[in-house]
Each structure stands twice: as structure tokens, then as C-alpha cells.
Amino acid sequence: MSGNLLPLLNALCTKPQFHGILSIIKGFRNGVVYGAKVRAPHAFVMTFLWKRGPLLTLLKGIARATFQHSRNLAMFVALYKSLLAAGRSAGATLAPASFVAAGLAGATVFGENNPINMQINLYLLSRVMAALVRVLDQRGMFSALSSPVWFRLFGAGVWAFALCLFEMRPETLQKSLQSSMEYLYHDSETWKDLRTLLWHNK
């Protein structure tokens with residue numbers, strides 16, 4: 001019986017009438033895998049570089065962050081693909097259907113303000129802004145932006161605002177950015193001896 005089951009399942013999963021639902025299932029699966037591949041190494045490195053505590057507590061934190069990232073990404077992909085399919089079947093063209101589906105899925109899955117969602121949303125925001133500039137450049141609206149001078153000005157502006165905010169209004173920055181900047185710019189102002197000057201931060 002089990003020998004006949006695998007060929008039957010293989011035949012079913014290639015039938016066009018099941019493509020829609022199976023693409024949602026595979027999208028969910030890919031979200032789980034991709035989320036784990038991205039978050040687990042990052043959480044592992046950041047935890048063992050910066051956090052202190054019992055090993056089991058640290059490992060639980062890594063597992064929790066990895067689970068949340070994987071779950072959210074998987075849920076987003078499945079919800080987005082479901083809403084997109086519904087929009088397309090209702091007659092919407094790809095651009096508006098994609099925009100609305102992603103907006104609703106983003107509000108549902110990534111709308112809760114927590115460290116994982118904040119990091120993902122900020123990552124995506126920077127990529128979206130860069131892509132929008134390229135779109136405008138392709139339309140001839142910002143052709144000068146491809147010049148190295150503009151990228152230098154971009155770098156100057158980003159770092160000028162970041163450090164000015166850090167020095168004047170640090171509470172407005174994300175906690176991880178605050179702590180990174182504290183380590184780099186303020187902790188380097190104090191030491192007690194050669195050991196805390198070159199070997200240990202404090």
C-alpha cells in the first residue's frame with residue numbers, strides 16, 4: 001500500500017487544479033526554512049557576543065527569536081499568496097492586487113511592534129527606498145543619482161543624521177542601534193588602565 005501511495009501523491013501534487021493551494025503550502029514551508037536560516041545564525045552570534053547568562057537561557061532566547069522570525073515569515077508568505085490569489089480571481093491586475101495583499105498581510109503579521117518585526121521592517125524599508133530611487137532613475141527623474149557624488153552625499157546624510165540623533169536624542173533610536181553606538185562612541189571615552197583601554201571594554 002505504501003509503495004503505491006508515493007506515486008499517487010507525486011501525481012496529485014503536479015495536477016494544475018491543486019497548484020494554487022500547494023503554492024501557498026510551499027510558500028509557508030519556504031518562509032519557515034528561510035526565516036530559520038537567516039535568524040538562527042544571527043541570533044546565535046549576537047547572543048554569544050553581547051549577552052550574558054546561563055547557557056540554557058541564552059539558547060532558549062535564540063530558539064525563541066528563530067521561531068518568531070520563521071513563523072512570521074511563513075505566515076506572511078501564506079497570507080500574501082492567499083490574498084493575492086483572491087484578488088487576482090476577483091479580476092484585479094497584479095500591481096494593485098499585490099499592493100493590497102502585501103499591505104493587509106504586513107499589517108496582520110508584521111504590524112506588532114516587537115524587536116524581530118522592527119528589524120525586519122527596517123531592513124525591508126531600506127531596500128524599498130533604494131529600489132524606489134532606482135525606479136525613478138530608470139524613468140529619467142533622477143539620472144544624476146547614479147553619480148558617485150550622490151552616493152557620497154547619501155553616506156554623509158545617513159551618518160550625519162544617525163550620529164546627531166544619537167548624541168542629542170538617543171531615546172528616539174532603536175535599542176540595538178543605541179547600544180551599538182554607545183559601545184562605539186561613548187564607551188571609548190572611558191578606561192581605567194591598559195587592560196580596559198585595549199583588552200576589555202569595561
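In which crossing, left-handed or right-handed, does H3 pass H5? Hold that for a moment.

Ground rules. This is a predicted model, where local features need pLDDT of at least 70, side-chain atom pairs count only at pLDDT 80 or more, and totals for chains, interfaces and linings use all residues. Residues are numbered from 1 along each chain as its sequence is written, and side-chain values use heavy atoms, with hydrogens and water left out.

Back to H3 and H5. H3 passes H5 in a right-handed crossing. A crossing is right-handed if the near helix is turned clockwise from the far one by less than a right angle, and left-handed if anticlockwise. Helices here are DSSP runs (H or I, at least four residues), numbered from the N terminus. H5 covers residues 115–138. The two axes come within 10 Å and cross at roughly 55°. Axes are lines fitted to C-alpha atoms over the stretch in contact, and angles run from 0 to 180 degrees between N-to-C directions. That makes H3 oblique to H5. On the cut-offs: under 35 degrees is roughly parallel, over 145 roughly antiparallel, 65 to 115 roughly perpendicular, and the rest oblique.

Who makes the contact, meaning heavy atoms within 4.5 Å? From H3, Ala-65, Gln-68, His-69 and Asn-72; from H5, Ile-116, Asn-117 and Ile-120. By class, that is three nonpolar, four polar and no charged. Nonpolar means Ala, Val, Leu, Ile, Met, Phe, Trp, Tyr, Cys and Pro; charged means Asp, Glu, Lys and Arg; the others, Gly among them, are polar.

Next, H2 with H3. H2 is residues 19–50 and H3 is residues 55–89. They pack at about 150°, axes 7 Å apart. H2 and H3 are therefore roughly antiparallel. Again, the crossing is right-handed. Their contact has 20 nonpolar, nine polar and two charged residues.

Thr-66 counts as buried, at 13% relative accessibility. Buried is under 20% relative accessible area, exposed over 50%, partly exposed in between (1.4 Å probe, protein chains only). Leaving aside residues up to four places away in sequence, Thr-66 touches Ala-36, Arg-39 and Ala-40.

Now a loop. Asp-193 sits between helix H7 (175–186) and helix H8 (194–199). Asp-193 is partly exposed, at 37%. From Asp-193 to Leu-125 is 68 residues in sequence and 43 Å in space, C-alpha to C-alpha.

Last, cysteines. Cys-13 is partly exposed at 43%. Cys-164 is partly exposed at 46%.

Definitions and conventions
Helix = DSSP H or I, 4+ residues; strand = E, 2+ residues; numbered from the N terminus. Contact = heavy atoms within 4.5 Å.
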